[in-house]
Amino acid sequence: MSIEAKFLKNVWYLSAWLCELASGSLARTIAGVPVLFFEGEEGYAAILDRCPHRFAPLSRGRVERGSVECGYHGLVFGADGGCIRNPHGPLVSALRVPAYPVVQRHDGLWVWLGDPEAADPALIPDLSFIDRTSPEARVAGHLENEANYMLMVENIMDLSHADYLHPTTLGNGINTRTKGKVASEGGVISIKWHADDETLPPAQNAFLPEPGQRADFRNEVWWHPPGVMTQRLMFGPSGRLESEGADSRTAHVMTPMHGTRTHYFFCHTSDGVTRDPSIAPAVLDILLSAFVGEDSPMLAAQQARIGDADFWDLKPVLLPIDSGAVLVRRRMDALIAAEHIA
Amino acid sequence: MSIEAKFLKNVWYLSAWLCELASGSLARTIAGVPVLFFEGEEGYAAILDRCPHRFAPLSRGRVERGSVECGYHGLVFGADGGCIRNPHGPLVSALRVPAYPVVQRHDGLWVWLGDPEAADPALIPDLSFIDRTSPEARVAGHLENEANYMLMVENIMDLSHADYLHPTTLGNGINTRTKGKVASEGGVISIKWHADDETLPPAQNAFLPEPGQRADFRNEVWWHPPGVMTQRLMFGPSGRLESEGADSRTAHVMTPMHGTRTHYFFCHTSDGVTRDPSIAPAVLDILLSAFVGEDSPMLAAQQARIGDADFWDLKPVLLPIDSGAVLVRRRMDALIAAEHIA
Amino acid sequence: MSIEAKFLKNVWYLSAWLCELASGSLARTIAGVPVLFFEGEEGYAAILDRCPHRFAPLSRGRVERGSVECGYHGLVFGADGGCIRNPHGPLVSALRVPAYPVVQRHDGLWVWLGDPEAADPALIPDLSFIDRTSPEARVAGHLENEANYMLMVENIMDLSHADYLHPTTLGNGINTRTKGKVASEGGVISIKWHADDETLPPAQNAFLPEPGQRADFRNEVWWHPPGVMTQRLMFGPSGRLESEGADSRTAHVMTPMHGTRTHYFFCHTSDGVTRDPSIAPAVLDILLSAFVGEDSPMLAAQQARIGDADFWDLKPVLLPIDSGAVLVRRRMDALIAAEHIA
């Protein structure tokens, strides 16, 4: 099976933060499918961004309230994909583009590319910490990266990499020393790094009451297939985590664009930024400098070395730090196999 | 059969306007074949732009009157492709590049890539309206576009697209309201939009005696395989088409470069420009703004959505406006199949 | 067999001039293999530039004396490819990258990608003229070119091309008039152009005692598989070659990067530059203007015309000037076939 085909269909893909749809529409390729998202009468709609007549991208046309007019020959399609105006003849049923279930949730737009009957919004992972945070205290963004989405998922499922790739911000050896504990429950795979009386990485150390003091540390990630992860990070002076600790939650959502390019949606919240939203830009700077400056080139270089090869065919040497990542990859292999058999 | 192979060989391809050969030679890829056009003793010559010795492009060498010296090892070839000088040994018969019949006609150079025995110049479609127009009254050009040549042919065979893609110049709904009548005769497929007492598109309306007045309209296109089309457009105040009408003819010639890139040669003439050639630049501006600004990006986007897929495999929904385009495409399918069987 | 696969493994590839390793390491793709060269305790080392854990390029990590730390998860590898530090667990034997025999010789670094048992340094062709020349009198460099390495080898094995491609410097017809004599001995193929009482090309003529006078000329190239060539050029006033002649030696080493891109290492020495090293920059200018300005674009254009085709499938017309090049290519075909059977 080619890497291009390794996308689950019957899952919700986070496709945009709502602010990205300010103009009323957005064209974006999700798991290999060019999708046009636009405002309909009853919320957002998502349809294949390809006219069924002569395959022009509908996103090159005129998007109005609840409808899209193809810019090439004027066919108009509604939010359900049906043609609602054909200047050249009758409205035959063949004049239809695939429409995809879409749900607006957690400040984002989620699309379901598989069987519409199965598109249960309850299957969207719970990112309600976003909703509970005031918009100005959310540190969020959308980046694209030249790597397969599974490499990007595994990057988060093994945060020991921070000790080596982000030594000036997010890592100082603590994730390596504190071996992650992996668990799997109800389809969710978690990995937790818990340490007491440790020294913290620079980015967290700076927020301690007395920088340099020893601290307790709780770093936890939960993965939901195919690429939704929530991270909770708590730290505080040794023995005073509950009373004086800092607490943050971050959504890391990896949505495949195609085989070697990925949408990375992130949303970071913390009690610190909630108390003082004016520091949000500084926190964003730390996240961007780590991801854009360090993760992104490393992941793209990793992808380049892998090339078109199948990951397992290259016989990676597995380490204890990979236990979460490997469990995720094997789960995904099983889910994809199951979907293709079904 | 791959898209790359879908080129007829036994046809004349318009390959350059003569003015493009002012320097004496021109290298251009026609239907997948790199061709070097150059001035010979008896008119222009066309040979494969690849030395038979070590495959250097001959166009990187020295082109002189009737001969081309390879810039790598000095072999000299004449207009018939035969080697006329070999500094390294005898003039053996194997030292020969394919030469292609070429005809200078209608201000352009036409090449025949197939069986030379069949290269009858009488098969070149009649574009003699160009010859009857003084050079300063011709609005002509050569553009390249990132789309398969059939998409570009179909774009002209269905001018209803002007109503949506060119609403500020060439379209106002008139081609849509006036359904095109398709006919086929002797290998030529025509489509005609005839309307009486209509409102004209902006670009034509501006040329009416009283802009805004109702008018009669005759818009006609004739296609010759594989990509030569002539368009005649007449319009004038209602009932006074004969006495006060404007009359224009345009050649639209689509010559494949390779599977997804096309040479577009156009030459527009009209009684208006013939009377006053000083308006030629303004007319050229209208044509370029429509093609370069509107058609070209739409056709390239259409090609990108089609990708490597076969057009029919994508199951396009055919509309009445496609009748001319579909007839052309099926005719081409038959001609290509016949050439490959023969 | 694809062009990509046509690389010998059991040969020494010149991979860098030592000055290119001034920073202590260099990442370079050799014959399709990404290799990291770095200083070890006992000379240079060469290992696969791909971590066995998750395939990050090791060259993105930290290179220290005799070891390389992967920048992604901190695994440290030694000069023999073995893992010498694993922050995440035991040093299992699987934690190993392929290491390649490497030899520092003739001011360059040579790597052996095949069976290490067979890596006999005595197989490195003798370029000791480099060692006998003081560093400031060596005119050397590394260029990359967009052409298969065999095209670049053949370019040197047929210097008649200089008469056409470099008419203002290295050629004036002398190599064409003086047919090269080809010989093969012990796996080395040589071609020699010997002429007496001839006129010299501009670049050599300028160095005659009286420019314009007739001269004797000895131009000789020896090829060692797969792409190491030494050239000796002697010339002097007619009859006084021994007493007043100039003498130069040049190494032309073509190391494949991948199928259509080649490393070109050159090192030119001459008695003239040895006597007066201050003219080295001027000599370098002549070499670079010929190669970068004339050979490189011609070879890239030749490669583009060949595309993915097999060279023989295109049925090149062989000339007497090709006798050396053809012998080399057939020898390479045989060596590659033998290595694949073995």
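**Figure 1. Contacts within chain A of the predicted model.** Among the contacts in chain A that join residues at least 6 apart in sequence, 56% link residues at least 24 apart. The model shown here and in the views that follow is a predicted one. Chain A holds 9 helices and 18 strands, and its radius of gyration is 22 Å, close to the 20 Å that the globule rule gives for 342 residues, so chain A is as compact as a globular protein of that length. The C-alpha trace of chain A spans about 75 × 50 × 35 Å along its principal axes, and 46% of the 342 residues of the chain count as buried.

**Figure 2. The two domains of chain A and the contact between them.** Chain A is divided into domain 1, covering residues 3-123, and domain 2, covering residues 129-341. The centres of domain 1 and domain 2 of chain A, taken over C-alpha atoms, are separated by 31 Å. In the contact, 20 residues of domain 1 of chain A meet 19 residues of domain 2 of chain A. On the domain 1 side of this contact in chain A, the elements that give two or more residues are β1 (12-17) and β2 (25-30), and β1(A) gives the most, with 4 residues. The residues on that side of domain 1 of chain A divide into 9 nonpolar, 6 polar and 5 charged.

**Figure 3. Surroundings of V111 in the largest nonpolar core.** In soluble globular proteins, nonpolar side chains tend to be buried together. The largest nonpolar core of this model has 247 residues, and of these V111(A), V111(B) and V111(C) touch the most other members. When residues up to four places away in sequence are not counted, V111(C) touches Y13(C), S15(C), I30(C), V35(C), A46(C), Y100(C) and V102(C).

**Figure 4. The contact between chain A and chain B.** Chain A contributes 18 residues to this contact, and chain B contributes 17 residues. On the side of chain A that touches chain B, the residues divide into 9 nonpolar, 6 polar and 3 charged.

**Figure 5. The rotation axis that relates chain A and chain B.** Two copies of a chain are related by a rotation about an axis and a shift along it. Here, chain A is superposed on chain B by a rotation of 120 degrees with 0.1 Å of shift along the axis, at an RMSD of 0.0 Å, which is the relation of a three-fold axis. Of the residues of chain A, D308(A) comes closest to the rotation axis, with its C-alpha at 11 Å.

Key. Residues are numbered from 1 along each chain as its sequence is written. Chains are lettered from A and ligands numbered from 1 in the order in which they are written. This is a predicted model: local features need pLDDT of at least 70, side-chain atom pairs count only at pLDDT 80 or more; totals for chains, interfaces and linings use all residues. Two residues are in contact if their C-beta atoms, placed from the backbone, lie within 7 Å. Ala, Val, Leu, Ile, Met, Phe, Trp, Tyr, Cys and Pro count as nonpolar, Asp, Glu, Lys and Arg as charged, and the others, Gly among them, as polar. Copies are superposed by least squares on the C-alpha atoms of residues with pLDDT of at least 70 in both. The radius of gyration is taken over C-alpha atoms; the globule rule is 2.2 Å times the number of residues to the power 0.38. A residue is buried if 20 or more other C-beta atoms lie within 10 Å of its own, exposed if 12 or fewer, and partly exposed in between; C-beta atoms are placed from the backbone. A nonpolar core is a set of buried Ala, Val, Leu, Ile, Met, Phe, Trp, Tyr and Cys residues joined through C-beta atoms within 7 Å. Domain bounds come from an automatic or database domain assignment.
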